[in-house]
Amino acid sequence: MLYQWPRLIIQRQRSAGNLGYNAMPLKLIRRKGSDNWYIRGTVKHTSVFESSGTDDKETAEAVRVKLEARLHHESVYGKSATVTFFEAAVAYMAAGGSPRFLGEEKDGKWTGLMGHFMMTKLHKIGQDELDAAAAVLYPNAGPDTRNRQCYTPFIAVWNFAAKPGRKWAEQRTWSRPKKPKKGTAIRLKPQRAGTFPVAYDRAARFVAAMSPAPAMVMTALFYTGMRPIELFALQAPDIDVAGRWLVVQNSKTGERRGVPMHEFLMPLFSAIVEGRKADAFLNARGLPYPLTDEHGGQIATPVNSARKVTGIRDIAPYTARHSTSTQLVLNGIHPHIKDQILGHAVTDMSRHYTNIPQAPLIEAINTLPVPEVWRSCAWWADPIASSRLVHRPQKYQKTQKTA
């Protein structure tokens, strides 16, 4: 069978209106013939009996807590606040919808739209997210192919979820890619630097042409996926080098969150922890960067200098965040893990364990490639001392421009 059902089979029956239903909190049980723990009970008139998908009791307990919180959330805000694209796609196929181009399970991972959006909630998907999915899944395809293999199946699932009897999503009109008419002259709008990703080889050449202090900032951004303002606010006490973990005390969303540290950054953050007591990153004059969300305007001068030296003009501080996200997708990282790394997915569990290093996130961030050009930057030998230097590497001259 080409298309398989998810490993966790949910068997729930709603008992709406049955006021005599005795609430039984969810609990873990063993089922004869299975090594996995099962979750059983009733929450807000919803009967649950499903596998946790694991034989480890601690992991199963985490799944149980998350499921119970979700059911309570559904009872207050409705199912539209919790249904994911993956769940909607499974329900769509179960109702007779075509599985073509939605995805299939290969070696434990899902491909296509189901793999891309996976546990992303429907209400968090908009036109920008759909366009980005088409670009990632079909980077070299034309408008017709993207429309047929991405937009059409996605919209079919969405319309299924938005039906009046279901109301898992709001009814919406989606834009599809348009094929230009023959003979039509097309003038592409210039893209602003920092709004799209670049390859890590290209980023390495750019960063190697910067002075040490801003180069360290850019390096940390490319290997954490943090927002510039989050990195500038980072304090030395919030760095756990041994655990390869950073704690952002106040992110853009107002939530504390944990950020995994790529192993490539360990020498840099080790030097910061040993040499600084407060702000983790300082400029060449030894002053902290201003905490304003100016999309990297704090290091505009060294960025412009690197553009002149290398001829690379499509990189800005925010480029790092887009590059991290795109590279994680290309590396096959689960969308939910990617979203946690970038701070898009904030759950009660992630809030509670902000200070505890999360192995899956660290493993995922370490899939980012490290070009040799980046490893050979001279400032790695002594980051703190080098951060006071302002220079331009000799091997990058204006005559050696990179398109």
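Guide: The contact between the two helices is formed by Q127, L130, D131, A133, A134 and A135 in α4, which meet R146, C150, Y151 and F154 in α5. By class, this contact comprises seven nonpolar residues, two charged residues and one polar residue. The model under discussion is a predicted one.

As for the geometry, α4 covers residues 127-137 and α5 covers residues 143-161. The two helices pack at an angle of about 140°, and their axes lie 10 Å apart. Angles over 145 degrees would count as roughly antiparallel and those from 65 to 115 as roughly perpendicular; α4 and α5 are therefore oblique to each other. The crossing in which α4 passes α5 is right-handed.

With regard to the chain that holds this pair, there are 16 helices and nine strands. The chain has 403 residues, of which 45% count as buried. Among its contacts between residues at least 6 apart in sequence, 66% join residues at least 24 apart.

The strands deserve a brief remark as well. Three of them make up an open sheet in the order β7-β8-β9, with antiparallel pairing. Its edge strands, β7 (239-240) and β9 (257-260), each pair on one side only. Strand β8 spans residues 245-248 and is joined to β7 by two bridges, the two strands running antiparallel. In this pairing, D240 stands opposite W245 in β8.

Methods
Residues numbered from 1 in each chain as written. Predicted model: local features only at pLDDT ≥ 70, side-chain atom pairs only at ≥ 80, totals over all residues. Heavy atoms only, no water. Pairing = 2+ DSSP bridges. Helix = DSSP H or I, 4+ residues; strand = E, 2+ residues; numbered from the N terminus. Axes fitted to C-alpha atoms, helices over the stretch in contact; angles between N-to-C directions. Parallel < 35°, antiparallel > 145°, perpendicular 65-115°, else oblique. Left-handed = near helix turned anticlockwise from the far one by under 90°. Contact = heavy atoms within 4.5 Å. Nonpolar A, V, L, I, M, F, W, Y, C, P; charged D, E, K, R; others polar. Buried < 20%, exposed > 50% of the residue type's maximum accessible area, 1.4 Å probe, protein only.
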